[in-house]
Each structure stands twice: as C-alpha cells, then as structure tokens.
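Here is a short report on the sheet and helix packing of one model. Please read it alongside the coordinates.

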Number of protein chains: 4
Amino acid sequence: MITFENDYSCGAHPRVLQRLSETNLIPQPGYGFDCFSAAAREKILAACGCPGGAVYFLTGGTQTNAVVLASLLKPWEGVVAAQTGHIHVHEAGAPEALGAKILALPEHQGKIDPAELRALTGTLLADENVEHMVYPGAVYVSHPTEWGTLYTGEELEAISAVCREYGMRLYLDGARLAYGLAAETDVDLPLIASLCDAFYIGGTKCGALCGEAVVFPRRTPEHFINFIKKHGALMAKGRLCGVQFDALFTDGLYFEIGRRGVETAARLKTILARHGVPCFMDTPTNQQFAILERERYEALREKIPMGFWSNPDPAHTVVRFATAWYTTDEYLEELDRLL
Amino acid sequence: MITFENDYSCGAHPRVLQRLSETNLIPQPGYGFDCFSAAAREKILAACGCPGGAVYFLTGGTQTNAVVLASLLKPWEGVVAAQTGHIHVHEAGAPEALGAKILALPEHQGKIDPAELRALTGTLLADENVEHMVYPGAVYVSHPTEWGTLYTGEELEAISAVCREYGMRLYLDGARLAYGLAAETDVDLPLIASLCDAFYIGGTKCGALCGEAVVFPRRTPEHFINFIKKHGALMAKGRLCGVQFDALFTDGLYFEIGRRGVETAARLKTILARHGVPCFMDTPTNQQFAILERERYEALREKIPMGFWSNPDPAHTVVRFATAWYTTDEYLEELDRLL
Amino acid sequence: MITFENDYSCGAHPRVLQRLSETNLIPQPGYGFDCFSAAAREKILAACGCPGGAVYFLTGGTQTNAVVLASLLKPWEGVVAAQTGHIHVHEAGAPEALGAKILALPEHQGKIDPAELRALTGTLLADENVEHMVYPGAVYVSHPTEWGTLYTGEELEAISAVCREYGMRLYLDGARLAYGLAAETDVDLPLIASLCDAFYIGGTKCGALCGEAVVFPRRTPEHFINFIKKHGALMAKGRLCGVQFDALFTDGLYFEIGRRGVETAARLKTILARHGVPCFMDTPTNQQFAILERERYEALREKIPMGFWSNPDPAHTVVRFATAWYTTDEYLEELDRLL
Amino acid sequence: MITFENDYSCGAHPRVLQRLSETNLIPQPGYGFDCFSAAAREKILAACGCPGGAVYFLTGGTQTNAVVLASLLKPWEGVVAAQTGHIHVHEAGAPEALGAKILALPEHQGKIDPAELRALTGTLLADENVEHMVYPGAVYVSHPTEWGTLYTGEELEAISAVCREYGMRLYLDGARLAYGLAAETDVDLPLIASLCDAFYIGGTKCGALCGEAVVFPRRTPEHFINFIKKHGALMAKGRLCGVQFDALFTDGLYFEIGRRGVETAARLKTILARHGVPCFMDTPTNQQFAILERERYEALREKIPMGFWSNPDPAHTVVRFATAWYTTDEYLEELDRLL
C-alpha cells in the first residue's frame with residue numbers, strides 16, 4: 001500500500017519510536033517536567049541559537065496556533081494572515097473561538113507581501129475610528145506555506161521589520177518546517193529565531209506521532225503553562241513529546257527527515273513531468289500540486305490516495321502529492337507505473 | 001528508581017507500545033478515519049453494550065471535559081459538579097473558557113449526593129429570576145472521584161434519574177476508569193453507558209501514552225468533529241489514539257491494567273498500616289491518601305516521589321500514593337523498606 | 001452650532017422625549033415586562049405584518065449584532081458578510097468575541113451579490129475538508145449599507161433564496177432603517193419580515209436616545225432573554241426602550257423621521273453640486289459621501305463637523321455628510337454659506 | 001398605583017429628565033466625547049477625591065461587571081466573590097462568558113470576610129498545583145450588598161490590604177451606591193476611591209433612566225474604549241449617560257436620592273414592625289427583607305408588587321421591599337393601610 005495523501009499517514013520515524021521504547025519504563029514527573037523534555041528543550045534552543053529562550057510542547061498545529069496567538073495578543077488585537085493562511089481557512093474558527101479576529105491580506109503563492117502588510121497596518125493605525133476596529137497585534141506566516149512555498153530570508157526580514165515598526169509580534173507556523181529547512185533556502189532556525197517572537201517546529205508532519213515544539217526565542221508570555229492548561233493543551237505525560245523531540249534533535253534526525261521529504265518530492269516532480277502532468281505551482285518542499293484531467297484523476301484516485309485541492313475548471317482537478325520521511329522508492333516506482 | 005507520585009509517570013503499557021510498532025508503517029487516512037480507530041471504536045462500543053453509539057478520541061482529560069461539556073450544554077446552561085470536581089478545581093478554568101459556569105454542590109468523599117442534586121436543580125428551576133441565572137444543563141461526576149472513591153450503581157442510577165427528571169445530561173469523567181472497573185463494584189461499562197449521555201474511558205492514566213475515548217452511547221452532538229477541531233483537539237494522526245485503544249480493548253488489557261493498579265494499591269495499604277501510617281480516607285481504587293507526620297513526610301519525600309495533597313494541621317501532611325500498571329513488586333518492597 | 005458628522009449628534013426626537021416625560025412616574029415591572037414595551041412590540045409587529053413574531057429591545061447596534069448573531073449560529077458556523085460590513089470592520093471584533101467568524105464577500109457599493117454568495121456557500125459546503133472549516137450559518141446584510149445604499153426587493157429576495165437553499169439564516173442590520181424605508185425603494189417592513197430570520201429596527205440613529213428593536217418574524221431563539229442577560233445587554237429599565245419605540249411607532253413618527261433625513265440629504269446633495277463638490281457615490285438615503293480637495297476639507301472641517309471617511313489620493317479626502325431628524329433648514333443654509 | 005418591587009420601577013428623577021430636555025438639541029460628538037460626559041466625569045472625580053482618575057459610562061450593571069472584570073483580569077486569573085454575589089448568582093454566567101471563573105467565598109449577610117479571603121488566597125497561591133488552578137486576580141464586593149448590608153470602612157480596608165498583599169485588584173459593585181452612601185456609615189466616595197482599583201457608581205437604580213459610571217481612581221486598563229466596544233457596551237449617544245450623571249452630580253442630587261431611599265426604608269421598617277411583620281435581616285439601606293406568613297404574602301402580592309426572595313419554610317416567604325427616590329408618602333400610607 002502506498003500513499004501521497006499527506007505527510008501524516010504513517011506512525012513515527014523508527015528512531016523516534018525506538019527512543020519511546022527505550023525510555024518507556026523510566027518514571028518521570030508529569031506536565032513537561034521530565035528529563036526528556038528538558039533535554040529536548042536544550043537541543044532545540046541550541047539548534048535555534050537562542051539558549052535563553054523557552055520551549056513548550058503541544059500536541060497539534062491548530063491547538064498550537066490558537067493557544068500561542070491568544071497568548072501573544074492583547075484583548076483589543078487581532079492577527080494579520082494571508083487569505084490562504086491555515087488559521088484563516090482550515091482551523092474551524094479556532095483562533096476566533098479564543099477571541100482573535102483574523103485580518104486577511106492577499107496571498108502570493110501562499111505568502112504575504114511586506115509592503116501590503118505595511119500598508120494595511122499603517123492605514124488601520126491611522127484610522128480615526130481605530131478604537132472601533134481590531135488592532136493588528138501579530139502577524140502569522142506559515143513556512144512552508146499551505147502551498148509548499150518558502151519565504152526568502154530577505155522577505156522574512158522585511159516582514160519582521162514591519163512588525164517591529166508597528167509593535168506587532170511575528171509568529172511563524174512551522175508545521176512542515178523540516179521540509180522547509182531542507183529545501184534550497186537561506187532561512188535556517190537561527191534566522192527564524194532572530195526574527196520571530198514565537199514559532200513552532202512541527203513534529204506531527206515531520207516524523208513524530210504527535211507534537212509541536214513552540215519556541216519563544218526571547219520573551220515567554222506570563223504563566224504560559226497555566227494558559228496551556230486553560231485551553232486543554234497540557235499533557236499529563238509531557239514526556240511523550242519530550243522523548244520524541246529529543247530523538248528528532250539528536251544526530252540531526254529532524255533535518256534528515258526533511259531532506260528525505262524534499263528529495264522524494266523532487267523525484268516525484270520529475271515523474272509527473274515525464275508523464276506530461278503539469279504542476280499548478282513550482283514548490284521547493286514536500287508538497288507538489290499537479291493538474292490532472294478529470295478522467296485521469298478519477299482513475300488514479302482509485303489506486304493512490306492523493307489530496308484533493310480544487311477544481312479550477314470543469315475539465316481539471318488540482319491534487320496535492322505529499323511526500324514524507326516514509327516515502328520509499330517503492331512509492332515512487334508504483335506512482336510511475338500507475339501514471 | 002520508583003515512584004508513587006501519580007499514575008502517569010511511565011510511558012505506555014508494553015502491549016500498547018508493541019502495537020504502535022507493529023502498525024507504524026501502514027499508511028492510513030488522518031483525523032480518526034484510520035482502520036485502527038475504527039477497530040477500537042467497535043471494541044469499545046461492544047464492551048459498553050451500545051453498538052449504536054459513537055466514540056471519539058481526544059488527547060487529554062481537561063481537553064475532553066471542556067470540549068464534551070461545551071458540546072452538551074446550550075448557551076444558557078452550566079454544569080453541576082462537586083466542590084472537589086476536577087473541572088472545578090484543577091482545570092485552570094477550562095470549562096469557563098468555553099463559557100460553561102460550574103454550579104458547585106457539596107462533596108461527600110468526592111461524590112455528589114442525588115438528593116442535594118435534586119434540591120439544587122429544583123430550586124434553581126423554580127426561581128422566579130431563573131432567566132437571570134445559569135440553568136443546570138448537565139451533571140459532571142468523576143468515577144473514580146478525585147479521592148479515589150466510587151459511586152455505587154444505585155447512586156449513579158439515582159443521579160441519572162434526577163437528570164432525566166430535569167432534562168439534564170449526565171457526563172462521567174473516567175480518567176481512571178480502569179481502576180474503577182477493577183475494584184469491588186457493581187458499576188460496569190454497560191451500566192455507565194445506559195445511565196450517561198456521555199462519558200470518557202481514560203487512556204493517559206490507564207496504560208496509554210495519551211488519549212481518552214469519549215463515548216456517546218445514544219446521541220452524538222451535531223458536527224462533533226468540527227467542534228473538536230474548533231477547540232484544537234483534533235489530531236492529524238488520529239491513529240495514535242486508535243492504535244492504543246485498539247490494544248487496550250484487545251484481550252482485556254484495559255481491565256488487566258485496572259486490576260494491577262487496584263491490587264498493588266491494596267498491598268500498599270497493608271504496608272502503610274503495618275508501619276502505622278493511617279489513611280485519610282478508605283478508597284477502593286489505585287489512589288491511597290495517607291496522613292504522615294510532617295517530619296516523616298519531609299524525610300520520605302527525599303526518597304520516593306509522592307503526591308502532596310494538603311496540610312490538615314501544622315503537624316501533618318496528607319499525601320497521595322498512586323499505583324498503576326507499572327507498579328512492580330520492587331516498588332512496593334522499596335516502599336516497605338523505606339518506611 | 002450645526003453638524004453633519006453623523007446621525008446621532010442630538011438627543012431624542014421631541015415626541016420621544018415627551019413620551020418619556022409623560023410616562024416617567026408610572027411604576028412598571030423591569031426587564032421589558034412593562035406595558036410600554038408590550039405596546040411597542042405590538043405596534044412594531046403590526047407594522048411588519050408578522051403579528052406572531054417576537055420583539056426584543058437592546059441598547060446599541062454592535063451589541064445587537066453580536067447577541068443576535070451568536071443566538072442564530074451553531075457553534076460550528078460563522079456569518080457571511082461584505083468586506084465593508086459594519087460587523088467586519090467597525091465593531092472591534094465583537095462577533096469574534098462571541099466566537100463567530102466572519103466569512104467575507106466582495107462588496108459592491110456596500111452590498112453583497114447573491115451569485116457570489118451562492119458560489120461561496122456552495123464551494124464551502126462541497127469542500128472535502130469542510131469539517132476543518134467554518135460553516136456558513138448566517139448571512140449579514142446592512143440596509144441601508146455602510147455606504148448609504150439600498151438593496152432592491154429583488155436583490156433581497158435572491159439573497160434570501162440562497163439562504164433557504166443552503167439552510168442559512170438571513171439577518172438584516174437596520175441601524176438606519178428609517179432612512180432606508182423613506183427613500184425610493186420597493187423594500188418595506190413586511191417584505192423584510194417575510195425574507196429575514198431576524199433583523200433590527202434602529203432607534204439610536206433614527207430618533208431615540210438609545211435602543212434597537214430586534215424582530216424575529218417567525219422563530220425566536222430559545223431562552224433569548226437569558227441569552228441577552230448573559231451578554232450584558234438586558235436593561236433593568238426595559239421601559240426606556242419600550243416607551244421610545246412606542247412613541248416612534250405611534251402616528252408614523254419613525255417614517256416621518258426617515259423622510260426628514262432623506263429630504264434634507266437630497267437638498268444637501270443639490271447644495272454640494274451647486275458648489276462643484278462631486279459625490280463619491282450616488283446614495284439615496286441620509287448619508288452623502290463627497291470628495292473634497294484637501295485644502296477645502298481642511299478649511300471646512302474647522303467650521304462644520306463632518307465624518308472623515310478616507311484619503312483616496314494625496315490631494316483629496318472623502319467625507320461623509322449625515323443628515324437626521326434634527327437637520328433643520330438652518331443647517332443647510334449654513335452649509336451653503338460656508339462652501 | 002404603588003410598588004415596592006424594586007428600585008427601578010419608574011423612569012428618571014425629574015431633574016435628570018429635565019436636563020435631558022434642556023440639552024436635547026445641542027449637537028455633540030458621539031461615543032462619550034461630548035461636553036456633558038466631560039462635565040460629569042469632572043464632577044464625579046471631584047466627588048471621589050481622585051482628579052487624576054478616569055470615568056467611563058456603561059448602560060447596565062451586569063454589563064459593567066463583566067466588562068470591567070474582564071479588563072482587570074489576566075487570562076489565568078479569576079475573581080473572588082461571595083456565594084451570594086450578584087456576579088455569581090444573578091448575571092446568567094456573564095463573567096464566565098468572558099472567561100472569568102468566580103472563586104466563591106462564604107457570605108456573611110452578603111459580605112465576605114477579610115480573614116477568609118486571606119485564607120483562600122494564601123492557600124491557592126501556596127498550592128503546588130497552582131498552575132492547574134485559577135489564580136485569584138481580583139476581588140468583587142457589592143456595596144450595598146445584595147442583602148442591602150454595608151461594609152464598614154475598617155472591613156473595606158482589611159479587604160483592600162489583603163488585595164495589595166497578594167497583588168489582587170479590588171472591584172466594588174455600587175449598583176445601589178447612592179443608598180449606601182446615605183446610610184449610617186463611615187464609607188464615602190473618597191474612601192472607596194482610595195481602596196479600590198475600580199468601582200462603579202450606579203445610575204439605573206439611583207435615579208437615571210440607565211447608566212453606570214465606572215471609576216478607575218488610579219490606573220485605567222489599556223485601550224479601554226476598544227474593550228468596551230468589543231463587548232457591545234459602547235453607546236453611540238454617549239451623551240445619554242453623560243447628561244444624566246452630570247445632573248446626578250449637580251447640587252448633590254445623587255446624595256439626595258440616596259437619602260430619600262434610606263429615609264423611606266426606615267419608615268417602611270417601622271410600618272412593618274407596627275404590623276408585626278419581622279425582618280429577615282436588619283439592613284441600613286433601601287432594601288428591607290420581611291418574613292411573611294404564606295397566606296398573608298399571597299393576599300398582599302395581589303395588591304402591592306414586592307420582590308419574591310425565598311421560601312425558608314413551607315409556612316413563610318421572604319420578600320424584599322425596595323424603596324427609591326420615587327417612593328412617596330402615599331406609597332407608605334397605602335402599604336400601612338393594606339397590611
């Protein structure tokens with residue numbers, strides 16, 4: 001059985017699972033006060049080049065986005081995001097459920113434009129009716145974006161500069177960060193840590209059974225554990241995430257996982273091209289969006305799980321092929337055979 | 001290293017972990033639509049004697065309580081609970097964060113009294129100012145309670161009868177249900193399913209790495225998946241809970257775990273008695289509350305992790321000793337030696 | 001002193017104030033159970049042609065929108081509105097504070113387009129990921145819109161048809177409804193009542209000291225008084241709104257107020273044209289949007305309060321001139337003189 | 001027609017109404033930026049002896065309590081209040097709807113005890129599990145209480161001292177403050193302003209059509225107008241409250257109203273005593289709680305509106321007689337005649 005439906009179709013990377021087995025019967029305190037979480041935190045902060053920062057582990061992306069944004073925003077503030085931002089489209093209103101309005105910006109291949117961000121923010125703050133409006137308090141970027149694209153270092157710096165200029169916090173959703181770091185890019189963890197007020201390093205889609213590592217490189221929101229608890233996100237067995245991230249940040253596993261996803265995606269792109277399947281967008285990470293004629297799509301979906309994306313016209317369907325650490329040569333050969 | 005601090009100090013029961021390994025590389029759809037979750041659901045509903053019910057997996061108890069209660073309550077309703085109820089005391093205001101006020105009742109060894117429940121509800125609903133008050137919409141019971149005590153079948157039936165009389169939903173928090181089912185009791189899963197509108201079968205404290213199985217024996221709230229997602233509780237790798245509960249409900253493992261916890265707790269009680277340590281309360285499950293002289297407590301805590309509970313007077317401390325599936329003979333012998 | 005800044009610059013229409021004086025010392029029950037509220041309700045329902053409906057009085061527009069929308073929506077639903085909708089732009093995130101995400105549609109002179117509404121709704125509901133999205137549960141229209149424009153009867157019928165087709169509720173914000181009903185239009189109260197699930201008849205901007213009359217022509221949300229109370233919107237002296245709306249719906253006062261606003265706005269438009277001031281948009285109600293050269297604007301604002309709207313280019317400013325029941329001939333003559 | 005049902009049965013004190021008439025056609029900016037609100041603010045701050053403080057006008061008590069408390073609390077905090085506190089019992093869960101859990105203390109004739117407050121707070125903050133609990137962030141007192149009783153200056157000072165000791169804010173609900181200030185008491189506005197972080201001077205129950213004046217004697221929460229707006233409590237015609245409070249704080253009207261209520265209550269108490277009706281509690285303000293035999297109650301309620309309070313036993317009913325600025329001699333004579 002093979003799949004390209006998403007990057008969370010299998011369990012955990014074998015080395016993660018092995019570490020869970022090895023540590024299984026070592027008793028530890030709960031709620032993240034275990035030695036594995038402590039070790040993982042230290043390794044992550046070292047990788048980010050911000051040893052004075054703080055790391056918290058939550059279980060999933062939507063939860064993480066909502067809880068962190070709620071902690072970053074004042075009651076009169078909202079968060080700026082791209083029209084296509086995950087928090088705006090695919091989180092069932094979770095940010096709004098914690099009171100955070102999303103101020104939508106146009107998207108450019110999933111990214112926001114620093115100049116448009118400056119224009120929106122400047123206009124809002126200069127509005128004579130601003131007391132009747134939602135203040136822009138934070139900016140949300142996803143990296144890779146929902147389209148698999150990446151910001152350049154220059155773009156992130158420009159966005160960060162607008163944030164500092166207007167007193168907004170910058171938050172980066174790194175659900176698929178492993179694949180973003182492994183692509184051709186000048187954006188690495190230390191750069192992200194130097195530019196963002198908070199970000200998360202995704203585990204669920206990058207080799208863990210579950211778990212996202214939230215990093216506050218400089219300032220942690222007050223009473224953040226209480227905050228996590230209040231929103232139902234504090235795990236009794238905090239060790240579950242701690243052990244996994246400890247494994248992911250040992251011997252470069254997180255980066256190895258990213259490279260595997262990116263390499264298999266590049267090979268997948270070649271296979272698609274060879275079979276005359278055009279890409280909807282050129283993306284450097286582990287998600288590839290292909291345009292299939294409707295009939296071909298209908299036939300193919302019977303044999304290979306893919307992600308439905310949209311129907312741009314009655315004759316075509318855009319589908320997402322996602323690769324991951326578990327995408328073997330066999331997966332690619334089977335796809336090649338079936339196309 | 002030994003511990004009696006709580007029942008979530010180690011990882012997963014070995015058979016649970018083994019099942020995670022075996023299934024690790026079998027690709028499956030996300031969000032609970034995997035074959036393992038389906039199998040687990042079927043087994044759970046069979047064990048509960050309600051094949052027409054529905055099961056959802058969430059990651060932790062506080063999250064589960066908040067999400068399920070929010071789904072059970074109308075906007076003008078609150079939930080009745082004991083003063084000592086976990087939702088009232090130890091969930092950092094999570095129910096209130098979803099808008100649910102808690103209407104507190106006196107506690108009797110952690111339990112609510114059906115007559116007091118009827119009195120509160122009847123008085124509230126008869127109040128001429130009820131439109132200015134919070135309606136009692138649901139009743140929360142924990143079983144075992146926070147004190148490790150259990151309701152009798154008769155008590156649960158009486159509470160359920162009051163709920164039906166006044167149109168309230170009955171919700172049971174089974175964070176430690178395995179230990180409750182393994183004790184001397186006439187309360188089993190089919191009885192709980194027949195009396196409650198919703199309840200959860202705890203995994204985190206009963207052998208899983210994480211996960212709670214919410215059961216709606218008869219009526220599921222509309223769009224419950226969307227509801228879970230909105231509150232950040234939907235796991236991309238739903239299989240993580242599915243596989244674990246499949247293992248827990250295969251070959252009676254969940255009940256075996258419960259028995260181990262209860263048996264070791266009984267032996268622990270004997271050891272305490274032999275050393276002249278009185279119990280604060282007689283409890284039939286895996287939590288034992290002992291009264292230690294302050295000095296003895298201070299000395300002992302250096303050697304064995306226990307749970308601090310309260311200081312009833314300046315000379316004594318109440319501590320909780322929790323056993324679990326991982327409490328070996330060695331743990332008990334070491335305690336015996338140290339007392 | 002004159003003003004065109006808005007339509008809530010003075011107190012109440014003299015006949016409203018007189019009625020408050022006449023009834024002042026007649027004791028009545030609180031919370032809307034007074035005889036004046038009862039009389040007002042009856043008159044409003046008669047004017048709307050829905051004698052079986054229900055009417056509730058709240059104090060202000062933002063409060064009314066938030067409370068009514070929250071009562072109309074299920075927890076997994078949001079509300080569709082124009083990009084320029086008051087709830088989306090100028091209510092400081094009040095709908096989101098009650099958990100309601102706004103699904104924004106393009107605006108056409110402040111209005112939404114029925115075809116675009118159908119497209120958005122149809123696409124959302126057909127999306128395979130809809131459980132991860134916010135369902136469209138209600139549609140918000142303002143009439144007059146924030147730009148002073150009006151829907152035609154045909155447009156409202158088309159929007160209502162889409163709502164029925166997809167099970168959405170239609171809600172109309174009538175903050176300035178008096179002026180909308182007095183313009184050239186085929187939309188009257190009975191038509192609105194027949195097409196909408198809820199709407200409000202604005203008082204604050206149409207002659208009252210405060211107060212908005214929410215009408216549910218057919219089905220009232222359960223426990224709506226409790227709902228109002230929970231959101232801090234239930235007035236102890238419900239009579240305050242009751243007496244005022246009783247006066248507004250006696251001898252056609254509400255319509256007379258609307259006509260005064262529309263007539264003075266028409267004369268204002270003539271004055272602007274005579275002085276070579278172009279209108280930004282042709283609007284049939286009591287708000288006129290004029291384009292002033294920057295210098296002229298700076299000079300004029302010293303003498304006459306107007307509403308700042310936007311700076312479309314560095315040389316021009318768009319301002320709003322609002323008329324109301326208190327706009328006398330003297331106001332217009334003074335403006336004529338000053339231009 | 002007479003009534004003792006409550007203190008909001010009639011409209012406004014004639015001098016308040018007169019001031020509304022006099023100012024009716026003077027145009028002013030909206031949202032509290034009018035000259036009347038400015039004048040009222042200045043007079044209130046002078047009366048409170050805190051000229052550097054800030055005043056905001058909201059429309060009703062429940063709204064005021066919820067909005068102010070939400071602004072005073074951090075996300076991880078709740079508010080301590082008496083079991084009988086209005087926010088805990090009669091506000092339909094409004095504080096919880098804004099996320100604020102209420103930590104209930106025992107009540108002593110409606111009041112909290114400083115020693116019990118210290119014990120609760122000290123215990124909570126010393127609890128090893130405090131990160132899983134709701135922190136005590138503010139203390140709510142009502143003065144007069146829901147039972148018409150008053151704190152002494154010494155009691156308020158002791159409560160304030162506990163608040164300072166533990167970093168909690170002190171908030172006083174003065175819905176009926178006029179009557180509290182007019183009774184035999186050493187608590188005046190300057191004392192309240194010196195001890196509280198926020199309090200409100202009630203208008204609705206003390207002579208206004210609506211309106212409560214929130215006073216922050218020292219520090220105003222950031223962006224409080226935006227906060228008010230977000231919770232639907234910002235009035236377009238802010239002048240409505242401004243004019244009324246300007247009148248109430250001109251020539252001592254607010255205090256005159258209070259004295260009238262207290263004096264008539266004292267005479268009412270005498271009348272009850274003369275007719276052998278015992279009081280449930282001895283209260284110094286405008287609310288008197290009497291114990292009536294059931295039959296007498298049933299007969300009397302046909303003729304005079306009173307407030308039902310409770311049925312302490314099958315043979316008796318406790319009723320509330322409330323006086324107010326509009327309680328004339330005729331009211332008292334009629335009651336005397338009917339008893």
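## Sheet and helix packing

Chain B holds an open sheet of seven strands, ordered β1-β7-β6-β5-β4-β2-β3, with mixed pairing. Strands pair if DSSP finds at least two bridges between them. β1 and β3 of chain B are at the edges with a single partner strand each, so one side of each lacks a neighbour in the sheet. From one strand to the next, the twist averages 25°.

This is a predicted model: local features need pLDDT of at least 70, side-chain atom pairs count only at pLDDT 80 or more, and totals for chains, interfaces and linings use all residues. Residues are numbered from 1 along each chain as its sequence is written, while chains are lettered from A and ligands numbered from 1 in the order in which they are written.

β1(B) and β7(B) run antiparallel, joined by five bridges. B:Leu58 sits opposite B:Glu212 of β7(B). Helix α7 of chain B packs on the sheet and touches β4 and β5 of chain B. Contact means C-beta atoms, placed from the backbone, within 7 Å.

Two helix directions compare as follows. Angles run from 0 to 180 degrees between N-to-C directions, with axes fitted to C-alpha atoms, for helices over the stretch in contact.

| Pair | Angle |
|---|---|
| α7(B) and β5(B) | about 145° |
| α12(D) and α14(D) | about 10° |

The axes of α12(D) and α14(D) lie 10 Å apart. These helices are therefore roughly parallel, the term for angles under 35 degrees. Their contact involves D:Thr264, D:Arg267, D:Leu268 and D:Ile271 of α12(D) with D:Leu332, D:Leu335 and D:Asp336 of α14(D).

Conventions
Helices (H or I, at least four residues) and strands (E, at least two) are DSSP runs, numbered from the N terminus. Angles under 35 degrees count as roughly parallel, over 145 as roughly antiparallel, 65 to 115 as roughly perpendicular and the rest as oblique. Two residues are in contact if their C-beta atoms, placed from the backbone, lie within 7 Å.
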